[in-house]
Amino acid sequence: NKQVLLGDYVNGFPKETDMFLSTKTIQLKVPEGSRAVLVKNLYLSCDPYMRNRMTKPDGEPSIGDSFKPGSTITGYGVAKVLDSGDPDFKTGDLVWGITGWEEYSLIDTKHESLFKIHHTDIPLSFYTGILGMPGMTAYAGFYEVCSPKRGENVLISAASGGVGQLVGQFAKLMGCYVVGSAGSKEKVDLLKNKLGFDEAFNYKEEHDLDAALKRYFPRGIDIYFENVGGKMLDAVLLNMRPHGRIAACGMISQYNLPQPEGVHNLFCLITNRIRMQGFVVFDYFHLYPRFLEFVLPNIRQGKIVYVEDKAVGLESAPAALAGLFSGRNVGKQVVVVARG
Ligand code: NDP
């Protein structure tokens with residue numbers, strides 16, 4: 001069983017060499033009497049929160065426990081059941097949920113949630129993205145946290161990524177004016193030409209983010225879907241309309257810094273009566289059936305598209321994960337482990 005393990009705890013930007021490959025012989029059977037499920041992993045998801053789990057625990061609140069050095073990385077994935085001690089799963093079932101970064105995983109369904117895949121007319125890898133955790137994040141963050149209204153002005157940062165590209169498309173379905181920021185010309189073109197955003201800009205080429213936002217939002221921003229934090233957040237605060245909403249989903253620009261950057265313009269929250277709300281997708285998983293009802297027809301009718309960046313082979317996973325922090329991924333970063 002080929003596996004990806006964490007080397008030591010990570011400081012600063014994660015590197016491919018912070019993880020290493022190893023091989024272990026395993027039984028391809030669930031141990032007698034165990035209620036676990038043995039799966040063959042097909043697709044693995046690279047998600048920014050996994051970086052936070054590589055940090056040495058320091059008592060600060062975090063999302064998920066830290067991985068232990070020398071242990072297998074875990075994260076969301078899509079897999080096929082090979083053997084099952086849990087009556088809810090049978091051999092041949094396709095599932096998504098938390099699995100290991102390895103070819104085969106023994107999953108304890110008491111501790112990790114595993115969801116059965118019922119809709120197989122959609123690409124299976126989509127269950128790491130639009131039909132998985134990032135999709136739920138976009139759905140809950142936009143509809144539950146942003147309180148959107150038809151025609152509002154919406155800005156999304158890290159807009160071409162796994163979450164951002166969906167928020168933009170959801171907002172377009174509501175008739176909003178939608179602008180995305182992203183880190184390359186290729187991503188800007190993708191947002192405007194494939195994902196239906198009204199406008200997009202490369203934040204790395206804007207020396208004055210405040211001026212850029214005034215250019216795209218002469219009448220101000222009603223909704224900011226925050227994925228990056230730092231300088232972008234500071235500039236956005238100067239451009240929010242009265243009673244605007246900021247959904248604080250992530251702050252990826254801060255994850256690798258020894259000290260978070262200061263945000264200077266928070267007083268604007270008061271003067272403009274802005275609601276800024278952080279949220280964690282795990283609190284919204286009960287909405288998953290409703291989300292599927294909404295999103296599946298939209299995918300089938302081509303009203304929502306989903307851009308993936310597929311790295312092939314388990315050995316490509318460490319570089320793919322590290323690449324999230326330099327913007328190497330164009331679309332949702334997936335690792336293809338096996339195709340069935
Ligand atoms: P993405 O697919 O968007 O990948 C990360 C992207 O972030 C990169 O491609 C890069 O795009 C951008 N980025 C990296 N470093 C920086 C930086 N220093 N400044 C600005 N942008 C940067 O990831 P996801 O869509 O999966 O996640 C987006 C955000 O949502 C993250 O902050 C993540 O932590 C958060 N999240 C929160 C959840 C919750 O429950 N609250 C759940 C899931 C995700 P570019 O080239 O445009 O810079």
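Residues are numbered from 1 along each chain as its sequence is written. In this predicted model, local features need pLDDT of at least 70 and side-chain atom pairs count only at pLDDT 80 or more, while totals for chains, interfaces and linings use all residues.

**View 1. Domain 1 and domain 2 of the protein chain.**
The protein chain splits into domain 1 (2-129 + 307-336) and domain 2 (133-282); these bounds come from an automatic or database domain assignment. The domain centres, taken over C-alpha atoms, are 28 Å apart. At the interface, 14 residues of domain 1 contact 18 residues of domain 2. Contact here requires C-beta atoms, placed from the backbone, to lie within 7 Å. The domain 1 side has seven nonpolar, five polar and two charged residues. Ala, Val, Leu, Ile, Met, Phe, Trp, Tyr, Cys and Pro count as nonpolar, Asp, Glu, Lys and Arg as charged, and the others, Gly among them, as polar.

**View 2. The shell around the ligand.**
There are 31 residues around the ligand, each with its C-beta atom, placed from the backbone, within 6 Å of it. Gly 161, Gly 183, Gly 250, Ser 253 and Gly 327 come nearest. Helices (H or I, at least four residues) and strands (E, at least two) are DSSP runs, numbered from the N terminus. By class, the shell holds 15 nonpolar, 13 polar and three charged residues. Domain 1 and domain 2 each supply at least three residues.

**View 3. Helix α2 against helix α8.**
The axes of α2 and α8 (residues 288-300) come within 11 Å and cross at roughly 90 degrees. Axes are lines fitted to C-alpha atoms, for helices over the stretch in contact, and angles run from 0 to 180 degrees between N-to-C directions. α2 is therefore roughly perpendicular to α8. That term covers 65 to 115 degrees; under 35 is roughly parallel, over 145 roughly antiparallel, and the rest oblique. Gly 135, Met 136 and Tyr 139 of α2 meet Tyr 288, Phe 291 and Val 295 of α8. Five of these residues are nonpolar, one is polar and none is charged.

**View 4. Helix α5 against helix α6.**
α5 (residues 209-216) and α6 (residues 230-237) have axes that come within 9 Å and cross at roughly 50 degrees. The two helices are therefore oblique to each other. From α5, Leu 209, Asp 210 and Leu 213 meet Lys 231, Met 232, Ala 235 and Val 236 of α6. This contact has five nonpolar, no polar and two charged residues.

Methods:
Contact = placed C-beta atoms within 7 Å.
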